[in-house]
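Hi everyone, thanks for coming.

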Amino acid sequence: MNHTTTALDVDGVRVAYPDGPDERVVLDSLDLRVAAGEMVVISGESGAGKSTLLTVAGLLRRPDQGEVTVAGTSTSGLSDRQRTTLRRDHIAFVYQSANLLPTLTALEQLELVGHIRGERSGTARARALALLDELDLGGRRNQLPGQLSGGERQRVGIGRAFMAQPTVLIADEPTASLDPERARTVVDLLSGAARERSIATLVVAHDDAPARAATRRLRLAGGTLHEVVEPATDRAAAGSVLGVGARVGTGG
Amino acid sequence: MFLALRDLRRGVRRFMLLGVVIALVALLSTVLSGLATGLVTDGISGLRALPLDRLVFQEGSDATFSRSILRPADLKRFQQVQGVKATPLGASFVNAAPVDGGPSLDLSMFGVAADSFLVERADARAALAGPPGLVLASELQDQGVKVGDRYTVGGSSEEYPVLGFTFAGTYGHTPIAFVSLSTWRQIQYSNPDDDRFSAIAVQGDSPELAAAAADTSTVVLTKTQAYAGSPGFTAETTTMTLIRGFLLVISALVIGAFFTVLTVQRTRQIGLLKAMGASNAYILRDGIGQMAVLVTLATGVGVAVGAALVAVLSRGPAPVELAPRAIATVTLALIGAGILGSLFAFRRITQVEPAIALGVEP
């Protein structure tokens, strides 16, 4: 199932959790492909397994069955160490609550990525400064997370993900704790990066903001993914319509 | 250590408690080392100051002068050994009562041949070669003993004048009194012509010493080994070593406990680092580096304060002494204990699942 353009290929994945004497199947024969430059947004009810899907796609856990291929590398045969290296070189995460390290400044959050990758500190610093400027955070680079607003924290989190120059970017509810305006900024950053940096972007979102910018929308239910039928309308005017669509999709 | 150093710098308050505890343990260890060294000095400074390299004791005497009795034939055998000098030494604990009344003195009485290498000062040599009398440790001068004071010593009814003072130090925590070998025999055996003595002092070294010891049923000990025969010496050093050992174990446990709690608190952060692609080795290096910096700094502060305290105390009556080597040992041992203790805590790092970065409990 390897395609040269497929950055992320999740194939026939099954994950079950023990539930008392039984087991609860969360993902079942799930297939998902995300190509470079694509932004796939996944919705689904609480407990549907969205986070589990992200941990499997992000090589944070092994599926019980199935194969995950990242940047053309099949991962089922890899050791934990090899998976960590693959993650370092190809996957970056954006979290709901930014998940910044409390004792690092905005600049250092980004520099840390370079340090983990063994990059020369001068190079990492230059890249981090450029990214912060791009994210309009240049003036906030010496602030600790506690001194940043929620929107700024999330932008630093995104900068940290870009710093890794990922093949695949995985975002877990990146706009859930932001007001609509800041949410739109974050979504624009993610979709813009997907296009311009050719990042395969996989977003899980409850809210509508990311869905508006999606190149493809899927809904996770019953352990597998379903296409969300998208009315072919002008995107700028279609916000409310898409919102209805998403709700209809979730309800059905 | 990218993260560790910034974490230490910006989380000073969090690390302060452990830092203070380690510093206090280091301070206590340093002061105890000073006390241990001081006690040893207080106990055997006289023996340590004697210009001898080895002591020959009777076999089975456990380096205790009072249990060791040697005879001229033994001395002769050791004097035949090439490359060493050997001279007899009589040693015993006695009580000296002033003839004119007043407090009596406990003395560690060393009988030496006036012309031997043990007596280095010319005036002491002259005094011991003359009529019988006592050459006392200079500490006794501070207690009001004067040249010319007369004492009856041990069971003898003879009166002995104080001939002078020398830096003689102590043995068995008792000030030393030098007398001539015949005076020692007079007091010990009531006969100045008795030929017995306690031990042989040896200067120099020769492989033949072992053969001489075998021929004479004696044992040859280095000066340091002979310290063990001084009353209290073994008990004191064992106690001190035990206390310092416990301090090391306690600090290892405290450091281990602290970093265990810290590692548990950081579980999510460790998961995040793993999600970012940091290897176990990277996170371990960071944690161990952080611990090493913290423990080194705190130990340094504690040892410095402790050394200053010892320096001040050593001017008073307490038997403390600053010993750079002991302090260096304390410093290194504490850092070693910290590494051991934290390794125990850092085992957990490898068990953290990266999935918790996304809030998923695997």
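Buried here means under 20% relative accessible area, exposed means over 50%, and partly exposed is in between, with a 1.4 Å probe and protein chains only. Before I go on: this is a predicted model, where local features need pLDDT of at least 70 and side-chain atom pairs count only at pLDDT 80 or more, while totals for chains, interfaces and linings use all residues. Residues are numbered from 1 along each chain as its sequence is written, chains are lettered from A and ligands numbered from 1 in the order in which they are written, and side-chain values use heavy atoms, leaving out hydrogens and water.

So which side chain does B:Arg266 meet in a salt bridge? The partner is B:Asp7, at 2.4 Å from N to O. By salt bridge I mean a side-chain nitrogen of Lys or Arg within 4 Å of a carboxyl oxygen of Asp or Glu. This pair ties together distant parts of chain B: B:Asp7 sits in helix H1 (residues 2–10), B:Arg266 in the loop between helix H9 (233–265) and helix H10 (267–275), and they are 259 residues apart. Helices (H or I, at least four residues) and strands (E, at least two) are DSSP runs, by the way, numbered from the N terminus. B:Asp7 counts as buried too, at 5% relative accessibility.

Over all chains, the structure holds 21 salt bridges. Another one joins B:Arg67 and B:Asp62, at 3.4 Å from N to O, and here B:Asp62 is exposed, with a relative accessible area of 56%. Then there's B:Asp123 with B:Arg121, whose closest N and O atoms are 3.0 Å apart. Both ends are partly exposed: B:Asp123 at 45%, B:Arg121 at 41%. Elsewhere, salt bridges that share partners join A:Glu108, B:Arg6 and B:Arg10 into one network.

B:Ala63 isn't a glycine, but has a positive phi of about 60°. You'll find B:Ala63 in the loop between strand E1 (54–58) and helix H3 (72–79) of chain B, and this alanine is buried, at 5%. B:Ser217 also has a positive phi, near 55°, and lies in the loop between helix H7 (208–216) and strand E10 (218–222) of chain B. Is B:Ser217 buried or partly exposed? Partly exposed, at 40% relative accessibility.

Over to chain A. Four strands make an open antiparallel sheet there, in the order E2-E1-E4-E5. Strand E2 (22–35) and strand E5 (73–74) are at the edges with a single partner strand each, so one side of each has no neighbour in the sheet. Two strands pair if DSSP finds at least two bridges between them; strand E1 (residues 6–19) of chain A has 10 bridges to E2(A). Across that pairing, A:Val13 stands opposite A:Leu30.

Last stop, back in chain B: helix H2 (residues 12–49) and helix H11 (residues 280–313) pack at about 40°, with their axes 7 Å apart. The axes are lines fitted to C-alpha atoms, for helices over the stretch in contact, and angles run from 0 to 180 degrees between N-to-C directions. Contact means heavy atoms within 4.5 Å, and among the residues that meet are B:Phe15 and B:Gly34 from H2(B), with B:Gln290 and B:Val310 from H11(B).
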